[in-house]
Amino acid sequence: MQTQVLSQLPDGSWNPLRVYPNPLLAYIAARKLSRREQRPCRTVCISGQVLDEILPA
């Protein structure tokens, strides 16, 4: 199932970044991105359902 990573912009909107071939790869990328940029990230399947929301630690 293709999964997209989105990052939250300062205005509260979500910026689509990249599509991954499976949810696990997307989750790993979103965790790294959230830590590095200190912003919330989401993994979303192509149908639009939010799978995970990752908050910076």
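Author: Strands here are DSSP runs of E of at least two residues, helices are runs of H or I of at least four, and both are numbered from the N terminus. Two strands pair if DSSP finds at least two bridges between them. Here strands S3 (residues 41–45) and S4 (residues 50–54) run antiparallel and are joined by four bridges. Val44 stands opposite Val50. The two strands form a hairpin with four residues between them, and Gly48 in the turn has a positive phi of about 105°.

Reader: What are these values based on?

Author: This is a predicted model, in which local features need pLDDT of at least 70 and side-chain atom pairs pLDDT 80 or more, while totals for chains, interfaces and linings use all residues. Residues are numbered from 1 along each chain as its sequence is written, and side-chain values use heavy atoms, leaving out hydrogens and water.

Reader: Which residues make up the largest nonpolar core?

Author: A nonpolar core is a set of buried Ala, Val, Leu, Ile, Met, Phe, Trp, Tyr and Cys residues joined through side-chain atoms within 4.5 Å. Buried means under 20% relative accessible area, exposed over 50%, and partly exposed in between, with a 1.4 Å probe and protein chains only. The largest core has eight residues: Val5, Tyr20, Ala26, Ala29, Ala30, Leu33, Cys41 and Ile54. Helix H1 (residues 23–37) gives the most to this core, with four residues.

Reader: What is Ala26 in contact with, beyond its sequence neighbours?

Author: Contact means heavy atoms within 4.5 Å. Leaving out residues within four places in sequence, Ala26 is in contact with Thr3, Val5, Tyr20 and Thr43. Thr3 lies in strand S1 (residues 3–8) and is buried at 0% relative accessible area.

Reader: Is Glu53 buried or partly exposed?

Author: Glu53, in strand S4, is partly exposed at 43% relative accessibility. Its contacts, apart from neighbours within four places in sequence, are Trp14, Cys41 and Arg42. A polar contact is a pair of N or O atoms within 3.5 Å; within protein, one must be able to donate a hydrogen and the other to accept it, and residues adjacent in sequence count only if both atoms are side-chain atoms. The side chains of Glu53 and Arg42 make such a contact at 3.3 Å.

Reader: How many disulfides does the structure hold?

Author: A disulfide is a pair of cysteine sulfur atoms within 2.5 Å. The structure holds zero, because the sulfur of Cys41 is 17 Å from the closest cysteine sulfur, in Cys45, too far for a bond. Cys41 is buried at 1% relative accessibility, and Cys45 is buried at 6%.
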